[in-house]
Amino acid sequence: MTRLGLLIDVTKCSGCHNCFLACRDEYYDNDYSPYSAPQPLDGQFWMQVKEVERGSYPKVKLDYIPTPCVHCDDAPCIAIAADNAVYKREDGFVIIDPVKAKGQKDIVNSCPYRVIFWNKELDIPQKCTMCAHRLDQGDREPRCVEACPTGALTFGDLDDPNSTISQYMAEKKIEDFHPEFGTKPTVKYVGVPKRLVAGEVVRADKRGECAEGAKITLEGDGVKLETASDSYGDFEFEGVDKNKTYKLTVSLAGYATLSCDISTHTDVNLGEIVLERA
Ligand code: SF4
Ligand code: SF4
């Protein structure tokens, strides 16, 4: 059987929540046995769109991370379920059997991604099935992918090197969301937000005047990143690795070079960096 995959490009997600609404529309009060029982009106977010705020005022970024079940190859939900109530299909999708899983509340807490929800009325755990019922009927993609207006979600055949998803994966840097969980997710990501390092460069001799074109380098742990301040004196480094120490250097012709060590345990806003005449 063909291996099918979902690729989520966070850099393209606008946070419109169309995917979430399409998912609710597909599953609320609809029975797709043997893959899923009807979703209740409240409390289920099979396709969550997480909002992530980074930085501090005025250097702030807002990202949106669509987060369905990531259909792990090494899935704790499968490991904990009794009677094979959670299983992996040959195409890669992890399914909770709504009959066998009845009463098995432990399955909800087994998922480190927190994407399993308890249905009180039916006494079952529930989550994203990757629209297995639609795919079995010959549909090309899940509802969320169909509903996305920005191309942030790409679905398709991982075994076909010419499929859109395979080509996208060959071109981009592919990541796992929360690799530290160690569950080998099959849903992959592009552009998972990392640390933001930002600041503003000004000249001491012309107080208040922005220093456009200052060269800023961030160096450490085998990495060297470089940028220049813009016409407002602002600069930023996006996608910096977490929990590292770097040396940041600011230089501009005619001014004394400044440098400092920074740690990316959190986002870093250096505020105003004042350059003195050399
Ligand atoms: S993301 Fe959670 S629910 Fe989905 S397969 Fe992995 S452990 Fe199971
Ligand atoms: S529909 Fe697409 S753009 Fe909108 S929130 Fe979902 S993934 Fe993001």
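The following dialogue works through the features of a predicted model.

Trainee: How many residues of domain 1 are in contact with domain 2?

Mentor: Interfaces are often described by the accessible area lost when the parts come together. In this case the description is by residue contacts: five residues of domain 1 are in contact with five residues of domain 2. On the side of domain 1 that touches domain 2, strand 2 (48-56) and strand 3 (59-67) each supply at least two residues. Strand 2 gives the largest share of that side, three residues. By class, this side of domain 1 has two polar and three charged residues and no nonpolar ones.

Trainee: Which residues have the most contacts inside the largest nonpolar core?

Mentor: The general idea is that nonpolar side chains tend to be buried together in soluble globular proteins. In this model the largest nonpolar core has 44 residues, and those with the most contacts inside it are Cys77, Val86, Val94, Cys144 and Leu153. Several elements each supply at least two residues of this core, among them strand 1 (4-9), helix 1, helix 2 (76-80), strand 5 and strand 8. A second, separate core of 17 residues includes Val197, Ala214, Leu218 and Phe235.

Trainee: With which residues is valine 86 in contact, leaving aside its neighbours within four places in sequence?

Mentor: With those neighbours left aside, the contacts of valine 86 are Cys77, Ile78, Ala81, Val94, Ile96, Ala101 and Ile107.

Trainee: Which residues come nearest to ligand 1?

Mentor: For a ligand, one lists the surrounding residues and then sorts them by class. Ligand 1 has 14 residues around it, of which Cys69, Cys72, Ala75, Cys77 and Cys111 come nearest. The shell around ligand 1 divides into eleven nonpolar, two polar and one charged residue.

Trainee: Where does aspartate 97 lie, and why does aspartate 97 count as buried or exposed?

Mentor: Burial is judged from a count of neighbours. Aspartate 97 lies in the loop between strand 5 (94-96) and helix 3 (106-110). Aspartate 97 counts as buried because it has 20 C-beta neighbours inside 10 Å. Apart from neighbours within four places in sequence, the contacts of aspartate 97 are Pro34, Ala85 and Tyr87. The C-alpha atoms of aspartate 97 and aspartate 83 are separated by 10.0 Å, the two residues being 14 apart along the chain.

Trainee: Which residue does a cis peptide bond join to proline 34?

Mentor: For a cis peptide bond, one reads omega. Serine 33 is joined to proline 34 by a cis bond with omega of about 10 degrees, and proline 34 lies in the loop between helix 1 and strand 2. The bond from tyrosine 57 to proline 58 is also cis, with omega near 5 degrees. Proline 58 has its place in the loop between strand 2 and strand 3.

Trainee: What is the phi of asparagine 84, and is asparagine 84 buried or exposed?

Mentor: Asparagine 84 has a positive phi of about 50 degrees although it is not a glycine. With 10 C-beta neighbours inside 10 Å, asparagine 84 counts as exposed. Asparagine 84 is in the loop between helix 2 and strand 4 (86-88). Asparagine 243 has a positive phi near 60 degrees and lies in the loop between strand 13 (234-240) and strand 14 (245-251). Asparagine 243 counts as exposed, because it has 9 C-beta neighbours inside 10 Å.

Conventions: Residues are numbered from 1 along each chain as its sequence is written. Chains are lettered from A and ligands numbered from 1 in the order in which they are written. This is a predicted model: local features need pLDDT of at least 70, side-chain atom pairs count only at pLDDT 80 or more; totals for chains, interfaces and linings use all residues. A residue is near a molecule or strand if its C-beta atom, placed from the backbone, lies within 6 Å of it. Ala, Val, Leu, Ile, Met, Phe, Trp, Tyr, Cys and Pro count as nonpolar, Asp, Glu, Lys and Arg as charged, and the others, Gly among them, as polar. Two residues are in contact if their C-beta atoms, placed from the backbone, lie within 7 Å. Helices (H or I, at least four residues) and strands (E, at least two) are DSSP runs, numbered from the N terminus. A residue is buried if 20 or more other C-beta atoms lie within 10 Å of its own, exposed if 12 or fewer, and partly exposed in between; C-beta atoms are placed from the backbone. A nonpolar core is a set of buried Ala, Val, Leu, Ile, Met, Phe, Trp, Tyr and Cys residues joined through C-beta atoms within 7 Å.
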